[in-house]
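Dear colleague,

Please find the structure below, handed over for your records. My findings follow directly after it.

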Amino acid sequence: MLATSLEIEVATLLIGFLLAIGYLATTRQIKIEGFLSTSADVAQLSMGRIQLLIFVLAVSGTYVGQLMENPHRFPAIPSAILLTYAGSNATYVGAKAGPLIRSFLYGGSK
Amino acid sequence: MKVATETFAWIVIVLIGLIGLAIIFQIFRGKIDLTSLISESDGKGSMSRLQFLIFTFVIAGSFFLITISSNPPKFPAKIPGEVLALLGISGGSYVLGKGVQASKETQVHKNRTEVQREQILSDERKGLSRRASVVPPTVGQTDAKR
């Protein structure tokens, strides 16, 4: 009885938080403008952001898919996937830090 | 002893449940502001925040699923390094992104301050030269005119 109540409670809270965030995002109460654009220009798409979004969706989708197949243990994540994902993140952070590094090297006002 | 433990467990479950439900209810009512949940301080959407949010839910969900799938429900004895690495990568990227954003803002602030300082100095210089041009003639100059 105790365990079942706890399971229902945790499931309700997790789904509730997900629904709340989903609801706010779809009703535009969570700001998502400029998600895939460069920091400097809203109209210009950023390759670093697009590739990261693809990798995040692919890795999380694969993880959830494997978990659904066998929910008794954590899914095995090959180290190649981890490395690729880390590389994708490094690309994103590098692209984000690029203008900053350039301004440090060649002067701030340029 | 068993009754006391069960009572304590029930109190904790009800308390956590009520707090959680209150938070969700307030989010739906708009009393808890989540406008900037996945955006930077400049108002633009942030990919690092989004991926951190996604992986938090994915890993928390997987913990929950694995815990309830064993009979009786049991917290996993060992958390694989790969799962921690996955969460670590997204968390690390979030922290680095935040650091880069903060540095950018500092740089912008510094540039703006420098521009303002230059503007003030230039205004002061203009004021000084204007004052110098309207300086009244000296006594010697007025005598010479007479």
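In this predicted model, the buried residues of helix α2 of chain A are A:G48, A:R49, A:Q51, A:L52, A:V56, A:V59, A:S60, A:Y63 and A:L67. Their cover includes α3 (79–106) of chain A, and from chain B it includes α2 (47–69) and α3 (81–133). The length of helix α2 of chain A was also checked: its 23 residues (47–69) should span 33 Å at 1.5 Å a residue, and the end C-alpha atoms are 33 Å apart, so the two values agree.

Salt bridges were searched for over all chains, and the whole structure holds two. One of them pairs A:K96 with B:E40, with an N to O distance of 2.9 Å. Because A:K96 belongs to helix α3 of chain A, while B:E40 sits in the loop between α1 (2–29) and α2 of chain B, this pair joins two chains. Both A:K96 and B:E40 are buried.

A salt bridge also links A:R28 and A:E33, whose closest N and O atoms are 3.9 Å apart. A:R28 has a relative accessibility of 58% and therefore counts as exposed, the cut-off for exposed being over 50%. A:E33, with a relative accessible area of 41%, is partly exposed.

Along the principal axes, the C-alpha atoms of chain B fill a box of roughly 115 × 35 × 30 Å.

Of the 146 residues in chain B, 29% are buried. The accessible surface of this chain is about 9,800 Å², and carbon and sulfur atoms account for 66% of that area. Among contacts in chain B with a separation of 6 or more, 48% are between residues 24 or more positions apart.

With kind regards

Notes:
Residues are numbered from 1 along each chain as its sequence is written. Chains are lettered from A and ligands numbered from 1 in the order in which they are written. This is a predicted model: local features need pLDDT of at least 70, side-chain atom pairs count only at pLDDT 80 or more; totals for chains, interfaces and linings use all residues. Side-chain values use heavy atoms; hydrogens and water are left out. Helices (H or I, at least four residues) and strands (E, at least two) are DSSP runs, numbered from the N terminus. The expected span of a helix is 1.5 Å times one less than its number of residues. Buried means under 20% relative accessible area, exposed over 50%, partly exposed in between (1.4 Å probe, protein chains only). Contact means heavy atoms within 4.5 Å. Accessible areas come from the Shrake-Rupley method with a 1.4 Å probe; for residues, only the protein chains shown count as cover. A salt bridge is a side-chain nitrogen of Lys or Arg within 4 Å of a carboxyl oxygen of Asp or Glu.
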